[in-house]
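Have the viewer ready as you read.

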Amino acid sequence: MKFLVTGGAGFIGGNFVHYMVDTYPEDEIVCLDLLTYAGNLETLKSVENKPNYKFVKGDIADRDFIFDLFKKEKFDVVVNFAAESHVDRSIENPEIFVKTNVMGTTTLLDASKEYGVKRYHQVSTDEVYGDLPLDRPDLFFTEETPLHTSSPYSSAKAAADLFVLAYQRTFGLPVTISRCSNNYGPYHFPEKLIPLMIARALDNESLPVYGKGDNVRDWLHVYDHCVAIDLIIRKGKDGEVYNVGGHNERTNLEVVKTILKALDRPESLINFVEDRKGHDMRYAIDPKKLETELGWKPKYNFDTGIQQTIQWYLDNKEWWQNILSGEYQEYFDKMYKEKGRI
Ligand code: NAD
Ligand code: DAU
């Protein structure tokens, strides 16, 4: 089978490309990425010479380019990871989120319809469900939870999901959607909580925790997310949504303290700063459907997965230090220094 993996130079897409190229040498993997600030070919270095792998640079929202590519390559399966993915950036500049996350998705759907793709898979997020209150630990997101978004990012992802389902119902395009909780693991861009805190703690710099640090996220190792997507593509039912999560809820403060302890750094580095606007309180996924219908079971729990991830950042300093020394610095100054967060 021939797979198009969009956004494969990013965090989760990159891990998925590694997983697919290694697990299925008989399949062809074409990675398409625009190489925005979040895309990094260093992430794909160890697969670049594999015979079943190819990289193409381009924009999922560029209709002519996408139609030409689909015509030429005749993909069997499309897995769409490509997106603007950072909530804080969506609060600063919502428009690019509409272009990439919504228009990019509809462009891929149109091309998939035109060229007879056998399965279109949309990588979505638990953020489309909004958030849960902290005082109701009995509540979880199921696939039936209504969409109720908070940020421009999650609104654009929810809009994309609705288009994906509409293309199934209206045009009969074979689609699936996965909605996953927060991922962590290798190649995570250091603007996100876990890699940012690891990098700053290693340099003995203050750790900007939004609000009181009591917001809860449900952490899943990126490897387990990749396995789930692979299962859904191969065994999932056309037109279905599958939630992905491993019941590893932690407050942000717990996560930050775990990182400090692992790196032997003092808690005095923690700095409570101005909160994110519209900050979601708690995410928590109920993954029963994926477990019972498709037999998915996560390999990692957070306590072991986070130690392994911290070790990866210690062993791969060049990968993230190159990012921190580049254009990222400008973003960091705007979002943290100019807002008085550090
Ligand atoms: P990321 O920001 O690390 O990577 C996104 C990739 O998409 C980058 O390589 C970027 O260059 C590429 N890209 C952006 N715009 C593009 C365009 N117009 N055309 C082609 N490529 C483009 O994101 P991530 O954290 O790896 O997330 C991947 C997907 O998974 C996203 O759709 C996100 O919504 C979803 N998701 C993320 C998480 C998480 O915790 N990170 C959890 C659930 C779902
Ligand atoms: O739930 C899935 C989502 O997880 C994905 O759809 C998004 O693409 C992904 O970015 C992630 O969104 P979050 O907003 O949860 O992740 P982030 O790492 O930005 O923040 C995690 C929590 O940490 C959140 O409550 C905000 C807080 N935070 C974040 C940063 C960057 C801080 O306290 N300080 C920070 O500097």
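A polar contact here is a pair of N or O atoms within 3.5 Å. With that cut-off in mind, please remember that this is a predicted model.

**Ligand 2**

Start with ligand 2, where an oxygen atom lies 2.6 Å from an N or O atom in the side chain of Arg276. The side chain of Asp126 also has an N or O atom 2.5 Å from an oxygen atom of ligand 2. For Asn252, the value from a side-chain N or O atom to an oxygen atom of the ligand is 2.8 Å. On its own, ligand 2 would expose 690 Å², and the protein buries 94% of that area. Two elements give two or more residues to the shell around ligand 2: helix H6 (193–202) and strand E8 (207–210).

Stepping back to the whole surroundings, 25 residues surround ligand 2, and the closest are Asp126, Tyr153, Arg276, His279 and Tyr336. Sorted by class, the shell holds eleven nonpolar, eight polar and six charged residues.

**Ligand 1**

Which residues come nearest to ligand 1? Among the 28 residues around it, they are Ile12, Asp33, Ser85, Tyr153 and Lys157.

| Residue | Protein atom | Ligand 1 atom | Distance |
|---|---|---|---|
| Leu34 | backbone N or O | nitrogen | 3.1 Å |
| Phe81 | backbone N or O | oxygen | 3.1 Å |
| Lys157 | side-chain N or O | oxygen | 2.7 Å |

Helix H1 (11–23), strand E5 (119–125) and helix H5 (152–171) each contribute at least two residues to the shell around ligand 1. Of the elements, E5 gives the largest share, with three residues. By class, this shell is made up of 13 nonpolar, twelve polar and three charged residues.

**A helix pair**

Now turn to two helices. Two packed helices are described by the angle between their axes and the distance between the axes. Helix H10 (residues 302–315) packs against helix H11 (residues 317–324) at an angle of about 75°, and their axes are 5 Å apart. H10 is therefore roughly perpendicular to H11.

Which residues of H10 and H11 meet? From H10 come Trp312, Tyr313, Leu314 and Asp315, while H11 brings Lys317, Trp319 and Trp320. The contact of H10 with H11 counts five nonpolar and two charged residues, with no polar ones.

Key:
Residues numbered from 1 in each chain as written. Chains lettered and ligands numbered in written order. Predicted model: local features only at pLDDT ≥ 70, side-chain atom pairs only at ≥ 80, totals over all residues. Heavy atoms only, no water. Near = heavy atom within 4 Å. Polar contact = N/O pair within 3.5 Å; in protein donor to acceptor, adjacent residues only side chain to side chain. Areas by Shrake-Rupley, 256 points an atom, 1.4 Å probe, with all protein chains shown as cover. Helix = DSSP H or I, 4+ residues; strand = E, 2+ residues; numbered from the N terminus. Nonpolar A, V, L, I, M, F, W, Y, C, P; charged D, E, K, R; others polar. Axes fitted to C-alpha atoms, helices over the stretch in contact; angles between N-to-C directions. Parallel < 35°, antiparallel > 145°, perpendicular 65-115°, else oblique. Contact = heavy atoms within 4.5 Å.
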